[in-house]
Amino acid sequence: VTPTLVRDLPPYLNTQSSHNLISKEATISTLLTSALSKSSSYSTGKRPTLSLGSRSGGMSSSHSEVLVDIAVGVRSTFLLTSEGKCLVFGKSDCGLLGLGEGTTQVMNATRIAFGESSVGREMPQIKSFSVGLHHAVAVSLTGEVWRWGSSEYGQLGPVVADAADAADMVSTGCGSCILWRPERLILEKDGDSMIEGGGSCDADLVCAGSDATVLVMKSGAVLSCGRNSGRLGQGELDENVYEPTPMFGGVKLWHDDADRLYE
């Protein structure tokens with residue numbers, strides 16, 4: 001198949017500009033390797049400087065909105081703009097498009113809605129996202145984690161079906177339930193999986209695998225959830241992990257709460 005120029009992008013995007021990007025997966029892998037090494041600089045509580053793209057803790061100050069990141073799923077493509085908008089086009093029967101129940105195909109790049117906008121409240125700006133096999137996760141500028149798609153192995157974290165969520169969750173062959181639209185991840189205080197302060201995530205980076213999710217918190221903690229395998233970094237497991245839980249016994253990538261992946 002010959003590569004073809006994508007032409008049906010929103011008119012507000014300046015497609016002539018580009019950014020140098022470093023893989024989120026490669027970044028997490030590098031940080032974990034350093035943190036687990038006895039000779040690592042992390043033994044002093046410091047971390048190496050890594051840059052994801054060319055952003056610095058916020059979106060571009062330019063009035064010209066450009067593409068800053070791209071991710072490719074099995075049959076879909078995701079785009080991130082300098083204004084924190086996430087766009088998608090392609091196909092998915094498992095809710096990966098994030099455009100609402102029953103939407104399994106879209107040919108033109110369409111914006112994904114993260115929460116409902118209202119008077120005085122805009123949708124959160126997304127600074128990073130990652131696409132797995134049948135699910136996706138994103139983190140906003142304020143550290144909120146949003147997830148959608150299949151939760152077959154617990155890779156979306158806690159998902160509770162109630163009257164308010166029923167419209168966005170149905171039983172399918174993709175797993176026990178599907179989140180057809182992005183939903184904010186809420187972490188509960190629960191023993192070893194407790195996150196300082198509980199409540200909403202305070203994340204720096206997210207990574208979606210084929211059947212698992214990894215969260216890098218602003219505190220330096222690394223959490224994982226999903227299918228019971230060595231990919232979770234939680235030792236031998238007898239069942240899937242449905243609550244984001246610290247990896248490698250609670251390893252931290254850094255110990256300075258002021259440090260961030262986006263500097």
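**View 1. R147, a buried partner in a salt bridge.** At 3% relative accessibility, R147 counts as buried in this predicted model, since the cut-off for buried is under 20% relative accessible area. The R147 side chain meets that of E183 in a salt bridge, 3.2 Å from N to O. This pair links distant parts of the chain. R147 sits in strand β7 (residues 145–150) and E183 in strand β8 (residues 178–184), 36 residues apart.

View 2. The side chains of K218 and D202 meet at 3.5 Å, N to O. K218 is buried, at 12% relative accessibility. D202 is partly exposed, at 38%.

**View 3. D93 and R75, one of six salt bridges in the structure.** The N to O distance is 3.6 Å. D93 is in the loop between β3 and β4, R75 in the loop between β1 and β2 (76–81), so the pair ties together parts that are 18 residues apart in sequence. Both count as partly exposed: D93 has a relative accessible area of 47%, R75 one of 43%.

**View 4. The open sheet β1-β2-β3-β4.** Four strands form this sheet in that order, with antiparallel pairing. β1 (67–72) and β4 (105–111) are the edge strands, each pairing on one side only. From one strand to the next, the twist averages 10°. Four bridges join β3 (residues 86–91) to β4. G90 stands opposite V106 in β4.

How values were computed
Residues are numbered from 1 along each chain as its sequence is written. This is a predicted model: local features need pLDDT of at least 70, side-chain atom pairs count only at pLDDT 80 or more; totals for chains, interfaces and linings use all residues. Side-chain values use heavy atoms; hydrogens and water are left out. Two strands pair if DSSP finds at least two bridges between them. Helices (H or I, at least four residues) and strands (E, at least two) are DSSP runs, numbered from the N terminus. Axes are lines fitted to C-alpha atoms, for helices over the stretch in contact, and angles run from 0 to 180 degrees between N-to-C directions. A salt bridge is a side-chain nitrogen of Lys or Arg within 4 Å of a carboxyl oxygen of Asp or Glu. Buried means under 20% relative accessible area, exposed over 50%, partly exposed in between (1.4 Å probe, protein chains only).
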